[in-house]
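Visitor: I have the sequence and the model open. Please take me through some features of the fold, and give the cut-offs as you go.

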Amino acid sequence: MATGNPFNTILKTLEKPEGGQFGKYYSLPALNDPRIDKLPYSIKILLESAIRNCDEFQVKSKDVEKIIDWENTSPKQVEIPFKPARVLLQDFTGVPAVVDLACMRDAMNNLGGDSNKINPLVPVDLVIDHSVQVDVARSENAVQANMELEFQRNKERFAFLKWGSNAFDNMLVVPPGSGIVHQVNLEYLGRVVFNTNGMLYPDSVVGTDSHTTMIDGLGVAGWGVGGIEAEAAMLGQPMSLVLPGVVGFKLLGKLRDGVTATDLVLTVTQMLRKHGVVGKFVEFYGEGMSELSLADRATIANMSPEYGATMGFFPVDHVTLQYLQLTGRSDETIAMIESYLRANKMFVDYNEPQIEKVYSSYLELKLEDVEPCISGPKRPHDRVPLKEMKADWHACLDNKVGFKGFAIPKESQNKVAKFSFHGTPAELRHGDVVIAAITSCTNTSNPSVMLGAALVAKKACELGLEVKPWIKTSLAPGSGVVTKYLQKSGLQKYLNQLGFHIVGYGCTTCIGNSGDLDESVASAISENDMVAAAVLSGNRNFEGRVHPLTRANYLASPPLVVAYALAGTVDIDFETEPIGTGKDGKTIFFRDIWPSSEEVANVVQSSVLPDMFKATYKAITKGNPMWNQLSVPSSALYAWDPTSTYIHDPPYFKDMTMLPPGSHGVKDAYCLLNFGDSITTDHISPAGSIHKDSPAAKYLMDHGVDRRDFNSYGSRRGNDEIMARGTFANIRIVNKLLKGEVGPKTIHIPTGEKLSVYDVAMRYKTAGQDTIILAGAEYGSGSSRDWAAKGPMLLGVKAVIAKSFERIHRSNLVGMGIIPLCFKPGEDAETLGLTGHERYTIDLPSSVSEIRPGQDVTVAIDSGKSFTCTARFDTEVELAYFNHGGILQYVIRNLIGSKQ
């Protein structure tokens, strides 16, 4: 059992310069170990956490030694425990997390335990930002109109979250209309250094959103985890992670004039994807750091999931301290942060000689080599330099269907779809822009690109350029501060003139909440099979995510979003072709509307002020009258409403006993789906709109919900009935059992019938038959979506056999009791001749003590053939979860056990 902390000998007091003390801290220099000086800064944060939490039970001295010896241990895939300082949630992932906590309280109660033990033990901040949709755009009244619709649709969910903020300790809920979770984290929630009851320690955070990594730009270690892992962290369970390698990324020089932070992040994303950083930390260093504003760093850190790293970390330096000052943190807090980090040798001072850190591998980038670019049309790391865009677009039209191809026959490439837009004659060609959105946490927290976009708008308006009225333009800032500085600069009016009115404060288009296109535009696209384009300042552009009707989706900086909206097409070479015609019939080029870096810097300097941050965040939890009017019960146990289609009591703990169910193999399972590479969590559990012919739509209509009130899958994540039906319901999913047909159906192998995935899964389940899934490489990439593991579990899936898994998704599968298996290198379903029509038996020992992390497992098929896979239980803790039937069951049994 737990004992006292063996490291109490290195507890020191941190004195204030003017007398008195800040508090106590565990001093890394007091260990007198030369290995610590060479550790990457990001690893020092893991080390301090292990030392502070060492109780020889959850965290042991030998774990501390593993971290100190990082240079030798990190190549060996050793496992360490980590207890983050806090947890961050957004509402799409936060609702199911609070549903699970409420349901765990009931389970505790039913098993005779103390239900109040189900309470967050670390601070939990939940920001409601994923529910606002762009129903109304291009209107002065858009913010209010969209918020009213948001509250109408989501009243039940919001009331449930408000109940949670009262029922659970340590839970702060930031109401809708306040901003995007990662921007609020950066500008307000991020502590950098905690002072809890006189104990000082570095801030660290895990969040149920993969872009939690944005906070790494502030020198706070943070990354995305599945909702399931986050719940365990809230309840005081250490997270188990493989001690990561750290890629040292050296930045040199400075960006050229007119090049944006977005161009930089798309370049870094492509470089790191190529280098291979999955499961690793990336730590940035070098003299180029002093040229990067904190907002630029946050933009790079934000896209860690797109380059595949666990973190993209920027250690704290003077730039960080200046940003803390700018965002209205108090002088006393900043003094404490600097004193603590200097005392623990975690502060980078570029005025002092640098001790060369040791990294697992090295990359470097001269910032002057970065050129303007965008990424697409279907993946964030498919970067296209702006000057090559026209040629690349034509290649995409020609190429066979794939990440860079639409296979449009030559004779149809110049097709023109004529239509009438509210009485105005209009036309669409392949590559025409129908959505132009300044959106997303990645870019709307960066004043230089936001004010850059506004300067483009100003120059365009002055030259007499306009945006075609059928393009759906929108601006959704990540915090109220953006509105304040756009107004102070006097530039918002130009954005409005081009149709970029503010539509709300939240994720919007970036997560598929782009709202409907005008019916005339939608018909023109679908009836003529046009490849229409969306250009957005987001971080993900997977097919079917941004909008079902935009097959080409490009990620671009906010100023480029404005430029492409003005051009009206992605089929343009900005160097040689005009962007439009000005007021005197004068031809206007891209260079005529593009601001210099100096122009942008001057506006940022004069318009972005500390008081704006203070005023925005002063009343952040009380600032929304609609939220304040929601009345909620004050009970500790939730009163489930059986008629609710939003919040439903899930079946995870039905019939649960104190005895763990133990390890299990799989016998004679059918293949539910057979996939190729790059199946994302968007494919497995879509967040966007609910298709009118889907099983989820049928369920909603059977429960009296009108089609216009379907809302999105993401907003329905508190209801397991809908989410089970929405599993594998992505309209763009490609299942090899369908032999080329695209869509959310599969074959019921025993009868050969083709039905929706849900209906086939239920047939197998009713007949008591297990199912498995076959997949290619990078299975489960994309968002850290726990429903992508919960959904398959509810469908009866017992195992997934893939070439490789995305980090968060693999751990989520284990957390839900699903077995992740990897084909051996060089093998996959194709090379082994598997069609998915076979029956599969997976041989696992019945006692979990006989299973080792990463051991070989035999899979036999009914033809008499068999093959060997690697069991991807990566740690002993994961095996314990599997033994208990899942992580939440493990936590409940442990909490009840700990009371005796």
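Guide: Rings of Phe, Tyr and Trp (its six-membered ring) pair if their centres lie within 6.5 Å; planes under 30 degrees apart count as stacked, over 60 as edge-to-face and the rest as tilted. The model is predicted: local features need pLDDT of at least 70, side-chain atom pairs count only at pLDDT 80 or more, and totals for chains, interfaces and linings use all residues. Residues are numbered from 1 along each chain as its sequence is written, and side-chain values use heavy atoms, with hydrogens and water left out. By the ring rule, the number of aromatic pairs is 31.

Visitor: Which residues do ring pairs link into a cluster?

Guide: A pair of aromatic rings is described by the distance of the centres and the angle of the planes. Here ring pairs connect residues into a cluster, and its members are Phe160, Trp163, Phe168, Tyr638 and Trp640.

Visitor: Which residue lies over the face of tyrosine 41?

Guide: A charge sits over a ring if NZ of Lys or CZ of Arg is within 6 Å of the ring centre and within 35 degrees of the ring normal. Phenylalanine 589 has arginine 591 over its face, at 4.5 Å from the ring centre. Over tyrosine 41, at 4.6 Å from the ring centre, lies lysine 357.

Visitor: What is the bridge partner of glutamate 283 in β14?

Guide: Strand β13 (residues 281-285) pairs with β14 in the parallel sense over three bridges. Across from glutamate 283, the bridge partner in β14 is phenylalanine 313.

Visitor: At what angle do the axes of α9 and α10 cross?

Guide: Two packed helices are described by the angle between their axes and the distance between the axes. Axes are lines fitted to C-alpha atoms, for helices over the stretch in contact, and angles run from 0 to 180 degrees between N-to-C directions. For helix α9 (residues 261-275) and helix α10 (residues 294-302), the axes come within 9 Å and the crossing angle is roughly 35°.

Visitor: Which residues in α10 do Ala261, Leu264, Val265 and Val268 meet?

Guide: Contact means heavy atoms within 4.5 Å. On the α9 side are Ala261, Leu264, Val265 and Val268, and they meet, in α10, Asp296, Thr299 and Ile300.

Visitor: Which residue in the turn of the β1 and β2 hairpin has a positive phi?

Guide: Strand β1 (residues 11-15) and strand β2 (residues 21-26) run antiparallel and are joined by five bridges, with leucine 14 opposite glycine 23 in β2. Five residues lie between the strands of this hairpin, and a positive phi of about 100° belongs to glycine 19.

Visitor: Which residue has a positive phi of about 65° although it is not a glycine?

Guide: Most residues other than glycine have a negative phi, and most peptide bonds are trans. The residue in question lies in the loop between α7 (181-189) and β7 (193-196). With a positive phi of about 65°, it is valine 192.

Visitor: Is the peptide bond from glycine 376 to proline 377 cis or trans?

Guide: Proline 377 lies in the loop between β16 (373-375) and β17 (383-385). With omega near 10°, the bond from glycine 376 to proline 377 is cis.

Note on methods. Helix = DSSP H or I, 4+ residues; strand = E, 2+ residues; numbered from the N terminus. Pairing = 2+ DSSP bridges.
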